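Subject: Handing over a structure

Hello,

Here is the structure I promised to pass on to you. Have a look at it first, and then read on for what turned up.

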Amino acid sequence: MLNRDLFERYVKERLQLYFGDGSRSHLIQESEFLAIQRKVELYHQRNISLVKAYGNVEVKNIWTDDDITYVNYTLHIRYFLKQTDLYFEEEQQERQMALNHHEMVYDIEFPIKYEDDPNEIEIKEDEQDTTMDRNNIYNRFNAVKYAETWWDGHNKEYPLYANDCTNFISQCLRAGGLKMNGMPKNAVGWWYKNYSASSYSWRVAHALRKYLPKSQTGIKAEEVGNPKELSLGDLILYDFEGDGRWNHCTIVVAKDENGEPLVNAHTQNSRKRYWSYYDSTAYTDNIKYKYFHIVDGLNKPNME
């Protein structure tokens, strides 16, 4: 029988750590504890006060094997933040697997993984049309609206992958009005047809990273050197290990008072998270970033 009090203790102890109350117990994994410490450090660096934090657990399914109960659940945390005169919320959903046998033995965050061999992915431009469509306007408002609507949900018009970050970002770009191209070749262009047919660049972060700098049709992007240069609706890509395999991407949905991007993402669902992912368990000292400003057919609108 699942001991639900265990989850309540876990959430309470975790939230207390954000306010400097208590120490790490056996319910909090070391990697998780270090990520919390980094988040608190970020708040201090950004002159942010954590006013309140709320957490709740939704159990997805439970099964038993060899007298051990396995639990697949989602932890949803809301942070209420104050930065000088600016108040805003940050939210995260963590899909995790907990194992317990009368007590929690260990807890695993579903990791962000790289799905395809980067050496096998070579994204090409659509040879049929290599000119920028000047009518291909990127509606940043619609892209951000989509990112805010679906950051913690699944639009059933699209598949939901175990590593869903790039699929989600592509949906946001499409909601912003960018045209698809390259169908039906997986390694050409950026496109989606149905649950079983889409380009690598639609669903794989490394492929999108390769595609963005060379695209002149459906998406045209300019790499910038500083995240503060990004506008709402622009993209950030992440190589957590610094090994050349780009394994995550986010979309800018807001800016803090210092002009730093706040981003939404899937896989570990996040809303208005600080762009650096310094507070992620996936973070390493070798992390690398790419900042892409999406260009439309006429100008570069700024929603800051």
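How do the residues of the lining of the largest cavity divide into nonpolar, polar and charged? They split into four nonpolar, four polar and seven charged. Here Ala, Val, Leu, Ile, Met, Phe, Trp, Tyr, Cys and Pro count as nonpolar, Asp, Glu, Lys and Arg as charged, and the others, Gly among them, as polar.

Before more detail, a word on the model. It is predicted, with local features needing pLDDT of at least 70 and side-chain atom pairs counting only at pLDDT 80 or more, while totals for chains, interfaces and linings use all residues. Residues are numbered from 1 along each chain as its sequence is written, and side-chain values use heavy atoms, with hydrogens and water left out.

**The cavities**

Searching the whole structure gives four cavities of 30 Å³ or more. A cavity is a set of points, on a 1 Å grid over the protein atoms alone, where a 1.4 Å probe fits but cannot get out; lining residues have an atom within 4 Å of a point. Points are joined across faces, edges and corners, and a volume is the space filled by probe spheres set on them. The largest cavity has a volume of about 90 Å³. Its lining has 15 residues, and Arg-14, Ala-35, Glu-94, Asp-279 and Thr-281 lie nearest the centre. At least two lining residues come from each of α1 (4-18), α2 (30-45) and β3 (86-100); these names follow DSSP runs numbered from the N terminus, with helices (H or I) of at least four residues and strands (E) of at least two.

**Helix α2**

With four residues, α2 gives the most to that lining. The helix has 16 residues and reaches 23 Å from its first C-alpha to its last, close to the 22 Å expected at 1.5 Å a residue (1.5 Å times one less than the number of residues). Among its buried residues are Glu-32, Ala-35, Arg-38 and Tyr-43, where buried means under 20% relative accessible area with a 1.4 Å probe, protein chains only. After α2 comes Asn-47, which has a positive phi, near 60°.

Strand β10 (residues 261-265) is mostly covered, with five of its five residues buried. Pro-261, Val-263 and Ala-265 point one way, and Leu-262 and Asn-264 the other. On one side, β10 pairs with another strand, β9 (residues 248-255), in the antiparallel sense over four bridges; pairing requires at least two DSSP bridges. Ala-254 stands opposite Leu-262 there. Five residues separate β9 and β10 in their hairpin, and Gly-259 in the turn has a positive phi of about 80°.

Strand β11 (residues 270-274) also pairs with β10 in the antiparallel sense, over three bridges. In β11, Tyr-274 is the bridge partner of Leu-262, and Arg-273 is that of Val-263. This second hairpin has four residues between its strands, with Thr-267 in the turn at a positive phi of about 85°.

Best wishes

How values were computed: 1 Å grid on protein atoms, 1.4 Å probe; cavity = no way out; pocket = protein on both sides within 12 Å on 5 of 7 lines; lining within 4 Å. Buried < 20%, exposed > 50% of the residue type's maximum accessible area, 1.4 Å probe, protein only.
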